[in-house]
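Open the model in your viewer and keep the selection panel at hand.

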Amino acid sequence: MNAAVWIAVAMLGGVGALARFLFDAALAERAAGPFPVGTLAVNLSGAAALGLLAGAALHGATLTIVAGGGLGSYTTFSTWMFESQRLGEAGRATLLWLNVGLSLLAGLAALTLGHWLGAVL
Amino acid sequence: MRLPRLDRRELAAIYAGGVLGALARVELAELAPHGAASWPWATFAANMAGALLLGYFVTRLQERLPPSSYRRPLLGTGLCGALTTFAAVQLELFEMFDSGQLGLAVGYAAATLAGGFVCVHVATAAVRRTRLVR
């Protein structure tokens, strides 16, 4: 990574984290409930966007910056696992499995759809 | 969509954490590149480390430390959120399926989910074993 790419990754990394926080907070305000719908929406939208970029055969420094810096930071694995674990602790086994299964399968579907779109466009 | 009330210090903390997390993850990915037929060690390591750290930070901040307005945004939402990634896992799984590596894909998905869950659980339990310090 040269200095320009490094700086761009850093800047988009910060932007991705902020976008995740704002989108999640806006959704959580509307859909107050035990199911972490904000994280799910963030992760699905990020997976679709990454699929689009990969489908459009983006590569090299641009991919590192946008996908690695921006989308990598926007989507999150740790919060997904944390919220799942806390659902389990609260005795909400159904919601726990729903959160794990839905994110995984719908995430793969979103990425595949994005990939197809990116290849077509 | 109505946005929540925004605290500038909180946003700055999230941004700073996001910068650090993204740089660490991208550097790791450069150190350990992988193809569709191999285990994505960089993503896996970043995700496990982030899940462990998030379990530790949030449990400690919620249950052991006095309230703080910027630690969770910096360390949790920013650093751990950006260090770990969901989209890259999905792209890796897609590429594994696409190249016929079904066993690898299923194993990677299972190990990622089980590993992430165990990391949060272990970090949470470790924090709770320590005595309350106020």
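Select chain B. Its secondary structure comes to five helices and zero strands. This is a predicted model. From the N terminus on, the order of elements in chain B is α-α-α-α-α.

The C-alpha trace spans about 55 × 35 × 30 Å. Chain B has 134 residues, and 45% of them count as buried. Now show the contacts within chain B. Of those between residues at least 6 apart in sequence, 75% join residues at least 24 apart.

Next, bring in chain A and select the contact. Chain A gives 42 residues to it, and chain B gives 45 residues. On the side of chain A that touches chain B, the elements giving two or more residues are helices H1 (3-30), H2 (37-55), H3 (60-74), H4 (78-89) and H5 (93-120) of chain A. Which of them has the largest share? H1(A) does, with 13 residues. Colour this side of chain A by class: 21 residues are nonpolar, 19 are polar and two are charged.

Now select the largest nonpolar core, which has 65 residues. In chain A, Ala47(A), Leu50(A) and Leu111(A) are among those with the most contacts inside this core. In chain B, pick Ala51(B), Leu54(B) and Val120(B), which also belong to that group.

In chain A, Leu111(A) is in contact with Ala47(A), Ala48(A), Leu50(A) and Gly51(A). Across in chain B, Leu111(A) is in contact with Gln90(B), Leu91(B) and Phe94(B).

Methods
Residues numbered from 1 in each chain as written. Chains lettered and ligands numbered in written order. Predicted model: local features only at pLDDT ≥ 70, side-chain atom pairs only at ≥ 80, totals over all residues. Contact = placed C-beta atoms within 7 Å. Helix = DSSP H or I, 4+ residues; strand = E, 2+ residues; numbered from the N terminus. Nonpolar A, V, L, I, M, F, W, Y, C, P; charged D, E, K, R; others polar. Buried ≥ 20, exposed ≤ 12 C-beta atoms within 10 Å, placed from the backbone. Core = buried A, V, L, I, M, F, W, Y, C linked by C-beta atoms within 7 Å. Lists of a residue's contacts leave out its neighbours within four places in sequence.
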